[in-house]
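Subject: Structure for you to look at

Hello,

I am passing on the structure we talked about. My notes on it follow below.

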Amino acid sequence: ILFCTVFPMCVLAQAPSLLAPTPPMGWNSWNTFQTHIDEKLIEQTADAMISNGMRDAGYVYVNLDDGWSAKERDAGGNLVGDPVRFPHGIKALGDYLHAHAFKFGIYSCAGTQTCAGYPGARDHEAQDAQTYASWGVDYLKYDWCHSQGLNAPNAYKKMSTALRATGRPIVFSICEWGTSKPWLWANGVGQLWRTTGDINATYDTINQWSQGWKLRLDQNIGLEKYAGAGHWNDPDMLEVGNGSLTLAESRSHFSFWCLLAAPLIAGNDVRNMKPEIRNILVNPDLIAIDQDSLGKEGFRVVADSKHEIWARQLSGGDWAVCLFNPGRTTVAFHFKWKDLLFLKETKYAVRDIWNQRNIDNTSENFVGEITSHNVALLRLHPSVGI
């Protein structure tokens with residue numbers, strides 16, 4: 001213990017869970033811009049996140065996704081940024097973000113190439129990790145394209161070891177799409193791991209490589225026991241405010257990611273977003289649920305074609321309860337709180353988070369209507385004397 005007090009980097013090397021005691025929050029370039037990114041866009045995004053309150057709400061990671069690098073490594077085999085789109089270099093961009101109280105994230109791939117055809121990290125893991133550390137990188141999203149012949153646990157452990165060897169605390173985001181069930185092996189390798197393939201900006205549309213957020217949500221059912229402080233299930237980045245999502249669907253999407261203790265990595269153009277979308281992303285009561293110190297992931301309690309009830313245990317004896325209408329028409333919810341057996345015999349005061357009002361308490365039945373694809377998110381607090 002004394003040795004680690006004198007040389008604190010050994011603590012970071014031996015205890016990766018310290019890097020993400022709560023789910024990481026930030027922004028990533030992919031969902032809106034794909035590979036069409038440059039230095040100016042990233043700096044404008046950071047500036048917007050300051051002015052719109054996102055940074056101060058907790059969105060501190062600004063992450064480059066695929067497409068930031070040159071098409072070839074340099075003569076020494078090192079990664080370099082695209083010289084036209086990032087004329088001052090990747091380190092200068094990281095310095096800009098750090099100077100504005102952000103953390104800097106970057107993207108790579110375990111295979112020979114990234115998904116968009118840029119240099120991958122295979123056989124360059126230690127070299128690339130040292131490059132990232134020299135640039136001041138704080139977060140690495142590590143994808144799985146062009147990975148033929150690789151064993152996923154071994155490939156991710158190799159990069160994890162390389163990152164720790166740099167002595168710099170770099171959050172490691174395992175983006176293996178859930179195919180090898182990383183929740184079974186990735187705790188201690190990375191701080192978060194994708195449980196699904198890519199998300200898209202719809203409710204339930206299936207494309208070749210992606211699916212709507214409701215389908216990605218359903219694929220996380222039963223995985224809650226694998227999540228906790230420093231090791232988070234990741235159902236992919238947020239599509240709030242993107243594509244064809246209605247306001248209700250964006251609100252429900254965000255509610256569920258907070259209920260799942262998922263990383264909150266925004267993927268919209270934060271330079272140009274409607275006030276109602278901003279108000280979803282910076283809602284302090286929702287963020288408090290996502291970032292709750294107990295670190296328990298939520299779970300589905302009951303479900304049918306028109307009604308779903310989800311719950312998450314929170315610190316201080318609180319619970320978050322989410323009532324969701326997956327159907328296409330407005331439905332009524334009418335139930336006895338005592339029928340939610342996880343609440344046991346405790347009585348709770350009930351607050352409606354989205355409508356910012358206190359409603360009855362759990363000595364009364366719940367009665368209410370919820371519109372299509374919308375939620376009622378309720379926070380329950382133990383109350384004496386009900």
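Which residues lie nearest the centre of the second largest cavity, and how many line it? The model is a predicted one. In it, 13 residues line that cavity, and those nearest its centre are Tyr 139, Lys 141, Ser 173, Asp 234 and Met 237. Its volume is about 90 Å³, and the count of cavities of 30 Å³ or more comes to three. At least two lining residues come from β4, and at least two from β6 (192-194).

Next, the largest pocket. It holds about 480 Å³ of space. Its lining is made up of 26 residues, with Trp 30, Cys 115, Trp 177, Asp 198 and Trp 209 closest to the centre. Two or more lining residues are given by each of α3 (30-33), β4, β7 (198-199) and β8 (210-211).

Asp 143 is buried and has no salt bridge. The nearest side chain of opposite charge is that of Lys 141, 5.1 Å away, whereas the cut-off for a salt bridge is 4 Å. The side chain of Asp 143 does make a polar contact, at 2.9 Å, with the side chain of Trp 177. Leaving out residues up to four places away in sequence, Asp 143 touches Tyr 107, Ser 108, Cys 109, Ala 110, Cys 115, Tyr 156, Cys 175 and Trp 177.

Regards

Conventions
Residues are numbered from 1 along each chain as its sequence is written. This is a predicted model: local features need pLDDT of at least 70, side-chain atom pairs count only at pLDDT 80 or more; totals for chains, interfaces and linings use all residues. Side-chain values use heavy atoms; hydrogens and water are left out. Buried means under 20% relative accessible area, exposed over 50%, partly exposed in between (1.4 Å probe, protein chains only). Lys and Arg count as positive and Asp and Glu as negative; His and the chain ends are not counted. A polar contact is a pair of N or O atoms within 3.5 Å; within protein, one must be able to donate a hydrogen and the other to accept it, and residues adjacent in sequence count only if both atoms are side-chain atoms. Contact means heavy atoms within 4.5 Å. On a 1 Å grid over the protein atoms alone, a cavity is a set of points where a 1.4 Å probe fits but cannot get out, and a pocket is an open set with protein on both sides within 12 Å along at least five of seven lines; lining residues have an atom within 4 Å of a point. Grid points are joined across faces, edges and corners, and a volume is the space filled by probe spheres set on the points. Helices (H or I, at least four residues) and strands (E, at least two) are DSSP runs, numbered from the N terminus.
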